[in-house]
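Student: I'd like a close look at one part of this model, with the cut-offs spelled out. Please pick a piece and stay with it.

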Amino acid sequence: MVHVVQSKEDFEQQLSNAGDKLIVIDFCANWCGPCKVIAPKLEELAAQYAERAVVLKVNVDDNEEITIEYNITSMPTFVFIKSGEVLEVFVGGNSDKLTKSMEKFVGDADESFDEDSHLQQQQSISSESAASGSTVCDLGVDMDDPHDIPPCTQGAMDKSGILEN
């Protein structure tokens, strides 16, 4: 089951209640097309791994404080956490990548965090995102301006995670 986060307090409580389970945070928005497309796959994976993972959905518009804390600039963004450590972050509606990441981390309960390995993973993730042509929605808009519509872009990301068109 995917838990829709209602507030910062709710979010903190869900993190605390997760124990040693994998935590998957889906940063999304109601207006984000790629977020809607990948939602059924996330629901499926949440049900499949319910005993070993907690899946949280954070609406960036309703939970701005959490969005800023995790430095989210595009959606969907998936953050994988275990034992308080961020294991992986990837941006884009790539259901194959989401599935592989879930499979990889639900079985790693005894694996300790290795910073060098983590940095290599981050570089690999950026390359995989570039190869996948993932679709993302950008937060870099003026939400008070009705003419500034949040763009959803299909393109490749460079190694620093910047979307190239």
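Tutor: Two strands pair if DSSP finds at least two bridges between them, and the strands themselves (E, at least two residues) are DSSP runs, numbered from the N terminus. This is a predicted model, where local features need pLDDT of at least 70, side-chain atom pairs count only at pLDDT 80 or more, and totals for chains, interfaces and linings use all residues. Residues are numbered from 1 along each chain as its sequence is written, and side-chain values use heavy atoms, leaving out hydrogens and water.

Let's go with strand S5, residues 77–82. It's mostly covered, with 6 of its 6 residues buried (under 20% relative accessible area with a 1.4 Å probe, protein chains only). Thr77, Val79 and Ile81 point one way, Phe78, Phe80 and Lys82 the other, and all of them are buried.

S5 has S6 (residues 85–91) as an antiparallel partner, over 6 bridges. There, Lys82 stands opposite Glu85. The two strands make a hairpin with 2 residues between them, and Ser83 in that turn has a positive phi of about 55°.

S5 also runs antiparallel to S2, joined by 5 bridges, with Ile25 standing opposite Val79. S2 spans residues 22–28 and holds Val24, which is buried at a relative accessible area of 0%. Leaving aside residues up to four places away in sequence, Val24 touches Phe78, Val79 and Phe80, among others including Val54 and Met102 (contact means heavy atoms within 4.5 Å). Its C-alpha atom is 7.3 Å from that of Ala53, 29 residues apart along the chain.

Key: Helix = DSSP H or I, 4+ residues; strand = E, 2+ residues; numbered from the N terminus. Buried < 20%, exposed > 50% of the residue type's maximum accessible area, 1.4 Å probe, protein only.
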